[in-house]
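Hi,

Here is the structure I promised to pass on. Have a look at it first, and then read my notes below.

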Amino acid sequence: MNRTVTKLSVLGSTGSIGRNTLEVVRQFPERFQVVGLAAGCNVDLLKEQIDRFRPAVAAVRDEAAADMLARFFGGSNYRPEIVWGSEGYRQVAALDAADTVVSAIVGAAGLEPTLAAVEAGKRLALANKEALVAAGRLVTERAKARGVDIIPVDSEHSAIFQSLQGNPRNALKRILLTASGGPFLRATPEELARVTPEAALKHPNWSMGRKITVDSASLMNKGLEVIEACWLFDVSPDRIAVHVHPESIVHSMVEYVDGSVIAQLGVPDMKIPIAYALTWPDRLPVEAPVLDLFELRRLTFFPPDMERFPCLRLAYEACREGGTAPAVLNAADEVAVHAFLEHRLAFMDIPRLIESLLDRHQGGAATTLEAVLDADRWAREEALKLAAAWCR
């Protein structure tokens, strides 16, 4: 087993993935050193992380947060370099000292730092699925040109990655992507129309950030994962079948041409795929509950209902259309979810708004960062107008 110290930059350190990453670091201090942290505006938590892990550089969202963070370390013997904004995030992502960058900033805001890490030749532990959703061709082509390994952190994509190990890629037939189904798996259309943000944030199995939890409830998160899987594993969307699996024990499966199906199972604990992404091809004895199949007794699977959960259908359609359509899908979803969480849109307005934007989208190639950002900008502006017009 490789015993060298891996130096990490963690983008999105105060979010769910970032906190779990630092918990893995805490468990294995002999294996990891944190050299860079990037967060949003949760300055108090970032200050605690800086005190514990002593990074050389820390980034925050804006100048006001940077000033607040600087005041914490005003009289201290130790003070990290404090940077802010998009340039600050890119700086942390491309630190010379970093070996591996954990990309866990939520949403399209993670795209440019992710690309910066790739351009700097860093190994990428990828949790920011939106980078591949909006700019999959850009990210994967640049990673290939720079010789950068992209190791997925999402539990589902980690499961696929693990199930592909040791097998020829041309033997792959299908990816069987599992979904918990979220908290409204058996809700009627009438019940879905009355869903509140408070109810949507109560995921039955996983503890995640607010945006991804709502996406899980609408199945948009699974749609984004379909698009991400297409780029990570070089398959068409028609070779990815979503299987609803309420127990969240089988994290995904791979079907081979000979009919064999290989699955990765585990308790729903993000520290497991995070640790694997950080140490692949090694494994660490992570502190996590043990999977007891005798206690579990039963695993169930059934197809998703794309009529009741149209976000999944829209994601497949955007993926098949290609170009900038997935960037529009992602941007519209971010705006719609934010409006829903603020009680300005109904739950089922989320897919309605996204579909409206996709219908109006003129299309275009996603071969440059500028093209992707232009599509993202247009979708956000139009989605904000629609959300304002539909405001309850």
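Helices (H or I, at least four residues) and strands (E, at least two) are DSSP runs, numbered from the N terminus. This is a predicted model, with local features needing pLDDT of at least 70 and side-chain atom pairs counting only at pLDDT 80 or more, while totals for chains, interfaces and linings use all residues. Residues are numbered from 1 along each chain as its sequence is written, and side-chain values use heavy atoms, with hydrogens and water left out.

Most residues other than glycine have a negative phi, and most peptide bonds are trans. Trp 280 and Pro 281 are joined by a cis peptide bond, with omega about 10°; Pro 281 sits in the loop between H12 and helix H13 (293-296). Ser 248, in the loop between strand E9 (240-244) and E10, has a positive phi near 55°. That serine is buried (under 20% relative accessible area; exposed is over 50% and partly exposed in between, with a 1.4 Å probe and protein chains only), at 6% for Ser 248. Arg 297 also has a positive phi, about 70°, and lies in the loop between H13 and helix H14 (310-321). Arg 297 counts as exposed, at 76% relative accessibility.

Now to helix H7 (residues 155-164): 10 of its 10 residues are buried, so the helix is largely enclosed by the rest of the structure. What do the buried residues of H7 pack against? They meet strand E7 (150-152), strand E8 (172-179), H11, strand E10 (250-256), strand E11 (261-265) and helix H12 (271-279), where contact means heavy atoms within 4.5 Å. After H7 comes Gly 166, with a positive phi near 80°.

H11 (residues 220-233) also pairs with H6 (residues 129-146): their axes come within 8 Å and cross at roughly 20°. Axes here are lines fitted to C-alpha atoms, for helices over the stretch in contact, and angles run from 0 to 180 degrees between N-to-C directions. H6 and H11 are therefore roughly parallel to each other (angles under 35 degrees; over 145 is roughly antiparallel, 65 to 115 roughly perpendicular and the rest oblique). Among the residues of H6 that meet H11 are Leu 132, Val 133 and Gly 136.

Last one: Thr 114 in helix H5 (residues 111-119) is buried, with a relative accessible area of 0%. Thr 114 touches Ser 103, Leu 124, Leu 126, Asn 128 and Ala 131, not counting residues up to four places away in sequence.

Cheers
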